[in-house]
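Let's take a walk through a protein chain and see what holds its inside together.

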Amino acid sequence: AMFSGCSSMDSRIPDLPANLTNGRSMFEGCTKLYGHIPVLPRSLVDGTSMFRGCEKLGGSISAFPNGLVNGESMFKGCKNLEGNIPVLPKGLTNGISMFQGCEKLKGSVPALPEGLVDGKAMFRGCKNLVSFNFREFPNSLANGNQMFLDCTNLSGICPLKSDKLVNYTDMYKGTSVFCEYGL
């Protein structure tokens, strides 16, 4: 939480240390911080709330480190991020609200990692996502509540549900997605 809550920090976002493993709440609530999301270090494991509420940050996310396990609320409220969502990290298990409110992210929803367990509200409010880049959910996914809620331009046929997906309330509410199995 190095700069967490620095709401008056009116500057460009700095580069991140190359050996950073824990970015938990590092810039959370830095509402005046601007510039582009820096390159994420390959060593990053925990990105919980790392850029949460950094609404002035722009640009696109270049790539995720494969070892990122926890992405909960990592970019939540970063409404000026642009571009496509890059390939998600193979090790990601927690994606709760990871991109919630990132209105300008566009393109396809990337394939979900095989180990993803919790995707609650992961893409909620990503109004410019238009399609899926995968045909079925990973077998590990248990929680998909509100995962695509209010992704107003998202359409097509929903991915096939896994056996473990038991929580999926309002998963596609506010979208034009057609589900053959009645979500």
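A quick word on the ground rules. This is a predicted model, where local features need pLDDT of at least 70 and side-chain atom pairs count only at pLDDT 80 or more, while totals for chains, interfaces and linings use all residues. Residues are numbered from 1 along each chain as its sequence is written, and side-chain values use heavy atoms, with hydrogens and water left out.

**The core**

Which residues have the most contacts inside the largest nonpolar core? They are Phe51, Phe75, Phe99, Phe123 and Phe148, in a core of 49 residues. A nonpolar core here is a set of buried Ala, Val, Leu, Ile, Met, Phe, Trp, Tyr and Cys residues joined through side-chain atoms within 4.5 Å. Buried means under 20% relative accessible area, exposed means over 50%, and partly exposed is in between (1.4 Å probe, protein chains only). Strands β4 and β5 each supply at least two residues of this core. Strands (E, at least two residues) and helices (H or I, at least four) are DSSP runs, numbered from the N terminus. As background, nonpolar side chains in soluble globular proteins tend to be buried together.

Neighbours within four places in sequence aside, Phe51 is in contact (heavy atoms within 4.5 Å) with residues including Ile13, Leu16, Phe27, Met74 and Phe75.

**Rings next to rings**

How many aromatic pairs does a search of the whole structure find? It finds 12. Rings of Phe, Tyr and Trp (its six-membered ring) pair if their centres lie within 6.5 Å; planes under 30 degrees apart count as stacked, over 60 as edge-to-face and the rest as tilted. Here are two of the pairs:

| Pair | Centre to centre | Angle between planes | Type |
|---|---|---|---|
| Phe99 and Phe123 | 5.6 Å | 10 degrees | stacked |
| Phe148 and Tyr172 | 5.5 Å | 10 degrees | stacked |

Phe99 lies in the loop between β3 (83-84) and β4 (105-109), and Phe123 in the loop between β4 and β5 (128-132), so their pair ties together parts that are 24 residues apart in sequence. Phe148 is in the loop between β5 and β6 (155-157) and Tyr172 in the loop between β6 and β7 (176-178), so this pair also ties together parts 24 residues apart.

Phe148 is buried at 0%, and Tyr172 counts as buried at 8%. Ring pairs also link residues into a cluster, and among its members are Phe27, Phe51, Phe64, Phe75, Phe99, Phe123, Phe148 and Tyr172.

**The cysteines**

The structure holds 1 disulfide, a pair of cysteine sulfur atoms within 2.5 Å. Cys158 and Cys179 form it, with their sulfur atoms 2.4 Å apart. Cys158 is in the loop between β6 and β7 and Cys179 in the segment after β7, 21 residues apart, so to speak linking distant parts of the chain. Both Cys158 and Cys179 are buried.

Cys126 is buried at 0% relative accessibility, and Cys151 is buried at 0%.

**A threonine in a loop**

Thr175 is in the loop between β6 and β7, and it is buried, with a relative accessible area of 18%. Its side chain reaches the backbone oxygen of Tyr172 at 2.6 Å. A polar atom of the Thr175 side chain also lies 3.2 Å from the backbone nitrogen of Val177. Leaving out residues up to four places away in sequence, Thr175 touches Phe148, Cys151 and Leu154.

An open sheet of 3 strands has the order β3-β4-β5, with parallel pairing. Strands β3 and β5 are the edges, each pairing on one side only. Two strands pair if DSSP finds at least two bridges between them. Parallel strands β3 and β4 are joined by 2 bridges, and Gly83 stands opposite Leu105 in β4. Strands β4 and β5 pair in the parallel sense over 4 bridges. Across that pairing, Lys106 stands opposite Asn128 in β5, and Ser108 has Ser131 as its bridge partner in β5.

Definitions and conventions
Polar contact = N/O pair within 3.5 Å; in protein donor to acceptor, adjacent residues only side chain to side chain.
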